[in-house]
Amino acid sequence: MQNYPKKGYLSSDFRVFHLHDEKLRTIPFHYHDFHKIILFLGGDVDYIIEGNSYHLQPDDIVFVAAGEIHRPVFGGDGEKTPYERIVIYIAPDFLQRLDERAKLAKCFAAAREQGRVMHQLPNRSHDLLFHMDKLEKTAHGEGFANGLYTEILFIEFLILLNRSIEDHELESLDTVSYDPKIQQVLRYINEHLADDLTIATLANQVFLSRYYLMKRFKADTGYSLHAYIRSKRLLFARDLLRTETSIQEISRASGFRDYSTFSRAFRTLFHCSPKEWRAEHVPQSAAFSSRSSSF
């Protein structure tokens, strides 16, 4: 896990920033516990998400779901073209609370299927830049009921964003580059987290040598295969902790052969035991069956 750090934290339902970086530095691969939406405004930037590299153009919208490995890569003329963008951090729990009324997280599912970077088409119904800019200014403003007004604008923006995707007013980029073999491995890993994912098994899936696969995978994702698999298993386990599944069953479903190994790995990443995480983040866990509280 030391190869793939978690960055940042979110202590509220969402936060909005307008960022303008003139002194650019190398940013390593990392992930967040929260979702991130970026409206790219300017710069010479390639954005890498889960092994896919996108060359950004102004008004592109970048979707990074919680747990997805990513980093921006700056071009050679970064000194002349600062990196400017509006960024929204979103707590997954907040979207889950809204889920019964509106599936506002659908945009992240669509981004995984269609492309994690989308471009706004001309003659669109909604000017997402206008709404995002208004949201950012309000979030840092003052006035009567400003917090409530900011939340209303945020929900409005997510509704309009999802409508834009459903109405085909956003299109995925044609400039994405990736290694098809590595993408096949990534899909296989995420679809078989409970299975025995040895390097030999993965290499056989894509007809590559183990050495070449390990080298290519690290170059494309910033992760070793072992670190990527373990991190994805633990993130999957964390999501299962929100359900009534017993912790012992979650350990097995996440690909860990024994509970003690799972518990140690979970504590290393999240700095608490699975039981402690569930108690803190899932208030209704006291109503879970007794088998889920036995660990």
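Me: How do S2 and S5 pair, and over how many bridges?
Reply: This is a predicted model. In it, strand S2 (residues 35–42) pairs with S5 in the antiparallel sense, over four bridges.

Me: Which residue stands opposite isoleucine 38 there?
Reply: Valine 62 in S5.

Me: What sheet are they part of? Give me the strand order.
Reply: An open sheet of six strands. The order is S1-S7-S2-S5-S8-S9, with antiparallel pairing. The edge strands are S1 (14–21) and S9, and each pairs on one side only. From one strand to the next, the twist averages 25°.

Me: How many bridges join S5 to S8?
Reply: Three. S5 covers residues 60–64, S8 covers residues 117–120, and they run antiparallel. Aspartate 60 stands opposite histidine 119 in S8.

Me: And what about S8 with S9?
Reply: Three bridges there, with the strands antiparallel. S9 is residues 170–172. Methionine 118 stands opposite serine 172 in S9.

Me: Which helix lies across those strands?
Reply: H4. It lies across S1, S2, S5, S7 (83–90), S8 and S9. Against S7, H4 runs at about 105°.

Me: Pick a residue in H4. Where does leucine 158 sit, buried or exposed?
Reply: Leucine 158 lies in H4, which spans residues 146–166. Its relative accessible area is 0%, so leucine 158 is buried.

Me: What does leucine 158 touch?
Reply: Leaving aside neighbours within four places in sequence, leucine 158 is in contact with Ile37, Ile90, Leu95 and Leu104. Take lysine 106 too: 52 residues separate it from leucine 158 along the chain, yet their C-alpha atoms are separated by 9.7 Å.

Me: Which residues does glutamate 169 touch?
Reply: Not counting residues up to four places away in sequence, glutamate 169 touches His119, Gln120, Leu121, Arg124, Ser125, His126 and Ser164. Recall that His119 stands opposite aspartate 60.

Me: Switching topic. What is the order in the sheet of three strands?
Reply: S4-S3-S6, an open sheet with antiparallel pairing. S4 (52–55) and S6 (70–74) stand at the edges, each with a single partner strand, so one side of each has no neighbour in the sheet. Neighbouring strands are turned by 20° against each other on average, direction ignored.

Me: How many bridges join S3 to S4?
Reply: Four. S3 is residues 45–49, and the two run antiparallel. Isoleucine 49 stands opposite asparagine 52 in S4.

Me: Now helices. How do H8 and H10 cross?
Reply: At roughly 90°, with their axes coming within 10 Å. H8 is residues 225–240 and H10 is residues 259–270. They are therefore roughly perpendicular to each other.

Me: Which residues make that contact?
Reply: From H8, Arg230, Leu234, Leu235, Ala237 and Arg238. From H10, Thr261, Phe262, Ala265, Phe266, Leu269 and Phe270. They divide into eight nonpolar, one polar and two charged.

Me: Last one. How many disulfides are there?
Reply: The count is zero, taking a disulfide as a pair of cysteine sulfur atoms within 2.5 Å.

Me: Are cysteine 107 and cysteine 272 buried or exposed?
Reply: Cysteine 107 counts as buried, at 0% relative accessibility. Cysteine 272 counts as buried too, at 10%.

Key. Residues are numbered from 1 along each chain as its sequence is written. This is a predicted model: local features need pLDDT of at least 70, side-chain atom pairs count only at pLDDT 80 or more; totals for chains, interfaces and linings use all residues. Side-chain values use heavy atoms; hydrogens and water are left out. Two strands pair if DSSP finds at least two bridges between them. Axes are lines fitted to C-alpha atoms, for helices over the stretch in contact, and angles run from 0 to 180 degrees between N-to-C directions. Angles under 35 degrees count as roughly parallel, over 145 as roughly antiparallel, 65 to 115 as roughly perpendicular and the rest as oblique. Contact means heavy atoms within 4.5 Å. Ala, Val, Leu, Ile, Met, Phe, Trp, Tyr, Cys and Pro count as nonpolar, Asp, Glu, Lys and Arg as charged, and the others, Gly among them, as polar. Buried means under 20% relative accessible area, exposed over 50%, partly exposed in between (1.4 Å probe, protein chains only).
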